[in-house]
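Student: I am new to this structure and would like a close look at a single part of it. Could you pick one spot and walk me through what surrounds it?

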Amino acid sequence: MTRDLTIAEVRLTPILVADPPLLNTQGVHQPYTPRLIVEIVTADGVTGLGETYGDTKYLELARPLAERLPGRSVMDVNGLFEIDLGVDASRIDAGVDAGGLRGVQNADKLRLSVLSAFEVACLDAQGRALGLPVHALLGGKVRDAVEYSAYLFYKWAAHPAGVAAEPDDWGAALDPAGVVAQARTFKQRHGFGSFKLKGGVFPPDEEIAAVRALAEAFPGHPLRLDPNGAWSVETSLKVAEELGDVLEYLEDPTLGTPAMAEVASAAGVPLATNMCVTTLGEIEEAFTRGAVQVVLCDHHYWGGLSRTRQLAAICAAFGVGISMHSNTHLGISLAAMTQVAATVPGLHHACDSHYPWQSEDVLTKRLEFRGGRVAVSDAPGLGVELDRDELARLHRRWAEDDGALRDRDDAAAMRVAEPGRRQPVMPRW
Ligand SMILES: O=C([O-])C(=O)C[C@H](O)[C@@H](O)C(=O)[O-]
Ligand SMILES: [Mg+2]
């Protein structure tokens, strides 16, 4: 069989996806969040799918990249990463990513966050053309299902009055009882066996009480708490001491490798991160100082599925565990996460996923969690199909937006509810 794997067309579709009012230390999720859907079409008419952040800064890099791809081969994935996207310093706002939730922003991370969607789309197209699942292209699966953890959030029942939004049926969760009720719903709907609470929202004692309530309601289940760096070293150590007996790990209790190393050296609980190790350049200091025991990889900003496997190998060499981080994402990304996670041998912690919070998707058939796991598809490519009507509908929402929602801004969403609210100064506690 010969196939023409030359790229004939690349389609980029920015969309806005409904998001519930989930709270974090920076603010609250906006009612709609931007994502970018990438389609790479070969000369033979095979289409590969990818998904990444849809904010303006990513779109501005993705558009010229898409124009340069026709004529290249979907097999030339290494060559893709050689393309200069022109990410100069003017595009980096010297701050932190996603308003302080994904570590420092730098040119490499921005570049890789765009390229990753194109890498996934190329792998999907290769797999569809060759009749092979993506995991086979990555060397083959070592498990038939990938375990995910329930991602618990403090949450309002609804977005503020007067804000256009889609309703959700999760209810509010603003205290220990609400968090436990949310966890029960997660377990009942999806069978999750481990639970992560997004913290940094309320004073630490309230969050300690919520984790204690979870431990009581779900004895023996792995629990995690992630305040996105909102605590001082001293507070982090206090929380570690109070919850050490029930936590699988504490995630990014404090900001920066030196502070994480200080906590790690004295806390009796492993530390995980998706904030102080987010690029290759941050690994050496963090690993040699023993600052983190688990890296939460995210194929979007680590640069795709092959680079996720490379990161897993580096972590294994240092005896550091690996799992996965998640932001708001749809089924294309969940399928990609599942395909690569299926190929990583030392994956001993359930991965994060926001997917249960997303009531909308661009797939003809939603992916399902059964017993907290997603089955690894053996169908060609990622094993998912695009729902074009839904893609068009969510794109219309993006096109009709006045620009207010095209860039994620949790702090701005919070100011709608609390007009006087100032940007939190870290550490908050
Ligand atoms: O630290 C993390 O796990 C995240 O940043 C995940 C998400 O960004 C989460 O905090 C959110 O969306 O509010
Ligand atoms: Mg985190």
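Tutor: Happy to! One point before we start: UniProt positions are given here in the numbering used for this structure, feature names are shortened, and an annotation may be inferred rather than shown by experiment. Please also keep in mind that this is a predicted model.

Let's take the part that UniProt, in an unreviewed entry, labels "active site": Lys198 and His325. These residues span 128 residues in sequence, yet no two of their C-alpha atoms are more than 12.1 Å apart, so they gather at one spot.

Take Lys198, which sits in strand β7. Is Lys198 buried or exposed? With 23 C-beta neighbours inside 10 Å, Lys198 counts as buried, since the cut-off for that word is 20 or more. Beyond its neighbours within four places in sequence, Lys198 is in contact with Asn24, Leu152, Phe153, Tyr154 and Asp226.

Now turn to His325, which is found in the loop between β12 (321-324) and α12 (331-341). His325 has 26 C-beta neighbours inside 10 Å, so His325 is buried too. Setting aside residues up to four places away in sequence, the residues touching His325 are Asn274, Leu296, Cys297, Asp298 and Asp352.

Helix α5 covers residues 176-190, and its 15 residues reach 21 Å from the first C-alpha to the last, close to the 21 Å expected at 1.5 Å a residue. Its buried residues are Val179, Gln182, Ala183 and Phe186. Looking down the axis of α5, they fall within an arc of 100 degrees, so they line one face of the helix. The face of α5 turned away from the buried side carries the exposed residues Ala177 and Gln188. Among the elements covering the buried residues of α5 are β6 (145-153), β7 (195-198) and α6 (204-217). So that you can find where α5 ends, look for Gly191 just after it, with a positive phi of about 75 degrees.

Further along comes helix α7 (residues 233-243), where Ser236, Leu237, Val239, Ala240 and Leu243 are buried. Seen down the axis of α7, these fall within an arc of 165 degrees, so they also line one face. They pack against α6, β8 (223-226), β9 (247-251) and α8 (257-266).

Finally, here is the wider setting. The domain assignment gives domain 1 (7-134 + 387-401) and domain 2 (141-375), with C-alpha centres 22 Å apart. Across the boundary, 39 residues of domain 1 are in contact with 45 residues of domain 2. Helix α3 gives the largest share of the domain 1 side, nine residues.

Notes
Residues numbered from 1 in each chain as written. Chains lettered and ligands numbered in written order. Predicted model: local features only at pLDDT ≥ 70, side-chain atom pairs only at ≥ 80, totals over all residues. Helix = DSSP H or I, 4+ residues; strand = E, 2+ residues; numbered from the N terminus. Expected span 1.5 Å × (residues − 1). Buried ≥ 20, exposed ≤ 12 C-beta atoms within 10 Å, placed from the backbone. Arc of directions from axis to C-beta. Contact = placed C-beta atoms within 7 Å. Domains from an automatic or database assignment.
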